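I am opening a notebook on this structure. These entries record what I looked up, one topic at a time.

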Amino acid sequence: MLRWLIGGGREPQGLAEKSPLQTIGEEQTQNPYTELLVLRAHRDIVRFLVQLDDCRFASAGDDGIVVVWNAQTGEKLLELSGHTQKITAIITFPPLEACEEKNQLILTASADKTVIVWDCDTGRQVRKVSCFHSTVKCLTILQRLDVWLSGGSDLCVWNRRLALLCKTSHLSDTGVSALIEIPKNCVVAAVGKELIIFKLVAPTEGSLEWNILEVKRLLDHQDNILSLVNVNDLSFVSGSHVGELIIWDVSDWTVQACERNFCTQLDTQQEIKLYQKPNDISIHHFTWDEENVFAAVGRGLYVYNLQMKRVIACQKTAHDSSVLHIARLPNRQLISCSEDGSVRIWELREKQQLAAEPVPTGFFNMWGFGRVNKQASQPVKKQQENTTPCSLELIGDLIGHSSSVEALHTGVYSEMQSTILVPQGSYTLVEKEHADLISCYSRLLMRDPDEHRTVNTQELEENG
């Protein structure tokens with residue numbers, strides 16, 4: 001049975017569990033997106049999308065291949081085959097100095113313990129590294145030092161010619177799960193439930209060799225770290241399997257703020273459940289803007305304000321299953337996808353302030369009949385203190401997937417030929433599991449979804 005019903009959800013997984021999942025009508029008048037294309041090329045789960053330039057993007061996943069697409073037409077341009085197992089990381093790569101042609105390059109890592117540099121203009125395999133002892137789970141480029149790093153059971157530093165400059169000793173059998181750059185030539189590596197700060201030392205007159213030094217271990221998390229991102233020039237944030245969100249100072253690596261109560265956050269009435277999923281509070285993904293961190297926590301979405309240092313909005317049950325990926329859209333909007341196959345659009349709105357309670361007047365007030373009972377008003381006052389100044393309102397469902405949606409990518413591409421797109425080419429790509437599809441949703445020129453869906457369907461049929 002397909003998961004997708006308009007405004008519907010899965011059947012409850014426990015008799016005592018009632019899903020308060022928000023629904024939306026068929027019209028979806030506030031949803032400016034409509035499905036444009038379904039791209040078919042992969043033979044297994046698609047997990048990664050990366051924008052190459054104004055006209056192209058690349059997809060990769062468990063079938064071990066990379067497909068380069070034309071974002072304007074949906075045409076498959078290239079299929080890059082070279083890995084024998086699933087791809088575990090992909091990033092765009094600066095052109096090599098030795099190459100006269102400055103073609104677009106990408107770097108891919110795989111469970112086959114190799115890393116390959118690809119030329120996305122010709123489809124050629126430029127170079128391949130096969131000296132790894134474990135799966136490389138993450139890649140990052142340090143532009144300031146003109147090097148790139150690979151994270152597996154150890155952390156390796158490479159130059160652009162793919163020569164190994166230095167590496168750490170064995171860190172963990174589970175390996176480095178996430179890696180980000182911070183100031184002072186340092187990086188943060190997530191290894192199990194620890195964050196390890198490493199400093200890269202470039203060659204000097206006294207030493208001609210590169211070196212990577214462990215500076216500090218941050219041990220504040222109680223379980224494995226699933227998410228790690230830079231928020232701004234001052235902070236980075238990490239999230240764990242048990243729902244711990246920690247904001248760190250990027251200069252001295254101290255804790256700026258911490259939130260560990262997502263499971264009970266903002267509950268005015270505690271729900272009684274005989275059944276609860278074990279991953280209900282795992283933080284799978286972050287995104288952010290200048291003011292807030294948006295967190296995918298279990299099945300819910302939470303907005304954490306950096307200045308107020310607290311949650312200002314949430315949807316505890318945004319999806320029927322775990323939210324796997326989120327991305328920001330224009331106009332204070334957010335898009336989320338889940339392992340239940342749903343893709344939903346949300347808008348962050350400010351709540352209207354409650355009016356002050358009027359003071360009773362008149363004859364009965366003289367004898368106390370109109371006075372407010374202080375004890376009765378205390379629960380109301382407490383409830384007002386626990387409420388949030390903002391809310392996440394569901395404004396759209398992108399219906400089309402019947403199984404887990406692993407990730408999202410939003411990007412701005414150059415103007416497209418089809419009249420159903422805005423001139424700026426705002427384009428949303430949604431990854432699809434099992435059926436191995438990539439669905440493309442485009443922002444409409446106008447807000448009338450019925451009119452444009454009719455026009456879009458006719459034009460797509462006429463153009464084949």
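**Cysteines**

I began with Cys 337, which counts as buried because its relative accessibility is 0%, and buried means under 20%. I then checked Cys 258. Its relative accessibility is 33%, so Cys 258 counts as partly exposed. I also looked for disulfides and counted zero. I worked from a predicted model throughout.

**The chain as a whole**

How many helices and strands does the chain have? I noted three helices and 32 strands. The chain has 464 residues, and 52% of them count as buried. I also looked at contacts between residues at least 6 apart in sequence. Of these, 51% join residues at least 24 apart.

**Confidence**

I looked up the mean pLDDT of the chain, which is 78. A value of 70 or more is reached by 72% of the residues. I noted residues 380-384, where the pLDDT is below 50. Beyond near neighbours in sequence, that stretch has two contacts in the model. Residues 416-427 also have pLDDT below 50. For residues 416-427 I found 44 contacts beyond near neighbours in sequence.

**Nonpolar cores**

Which residues have the most contacts inside the largest nonpolar core? I listed Val 147, Leu 149, Leu 155, Leu 179, Val 187, Phe 198 and Leu 200. This core has 19 residues. I then asked which strands supply at least two residues each. They are β10 (138-142), β11 (147-151), β12 (155-159), β14 (176-182), β15 (186-191) and β16 (194-201).

I took Val 147 for a closer look. I left aside its neighbours within four places in sequence. Val 147 is then in contact with Ile 141, Leu 142, Val 157, Trp 158, Leu 165, Leu 200 and Trp 210. I also found a second, separate core, with 18 residues. Among them are Ala 89, Ala 109, Val 129 and Trp 158.

**A buried glutamine**

Where is Gln 104 placed? I found Gln 104 in the loop between β6 (87-93) and β7 (105-110). Is Gln 104 buried or exposed? Gln 104 counts as buried, because its relative accessibility is 19% and the cut-off is under 20%. I listed what Gln 104 touches, not counting residues up to four places away in sequence. The list holds Leu 52, Arg 56, Thr 92, Phe 93, Trp 118, Asp 119, Cys 120 and Asp 121.

**A hairpin**

I moved to β2 (residues 46-51) and β3 (residues 56-61), which run antiparallel. Five bridges join this pair. The hairpin from β2 to β3 passes through four residues.

**An open sheet**

What is the order of strands in the open sheet of four? I read it as β18-β19-β20-β21, with antiparallel pairing. I checked the edges next. β18 (225-230) and β21 (255-259) each have a single partner strand, so one side of each is left without a neighbour in the sheet. The twist averages 15° from one strand to the next.

Inside this order I checked β19 (residues 235-240) against β20 (residues 245-249). They pair in the antiparallel sense over five bridges. Here I noted that Val 237 has Ile 247 in β20 as its bridge partner.

Conventions. Residues are numbered from 1 along each chain as its sequence is written. This is a predicted model: local features need pLDDT of at least 70, side-chain atom pairs count only at pLDDT 80 or more; totals for chains, interfaces and linings use all residues. Side-chain values use heavy atoms; hydrogens and water are left out. A nonpolar core is a set of buried Ala, Val, Leu, Ile, Met, Phe, Trp, Tyr and Cys residues joined through side-chain atoms within 4.5 Å. Buried means under 20% relative accessible area, exposed over 50%, partly exposed in between (1.4 Å probe, protein chains only). Contact means heavy atoms within 4.5 Å. Two strands pair if DSSP finds at least two bridges between them. Axes are lines fitted to C-alpha atoms, for helices over the stretch in contact, and angles run from 0 to 180 degrees between N-to-C directions. pLDDT is the predictor's confidence in each residue, from 0 to 100. A disulfide is a pair of cysteine sulfur atoms within 2.5 Å.
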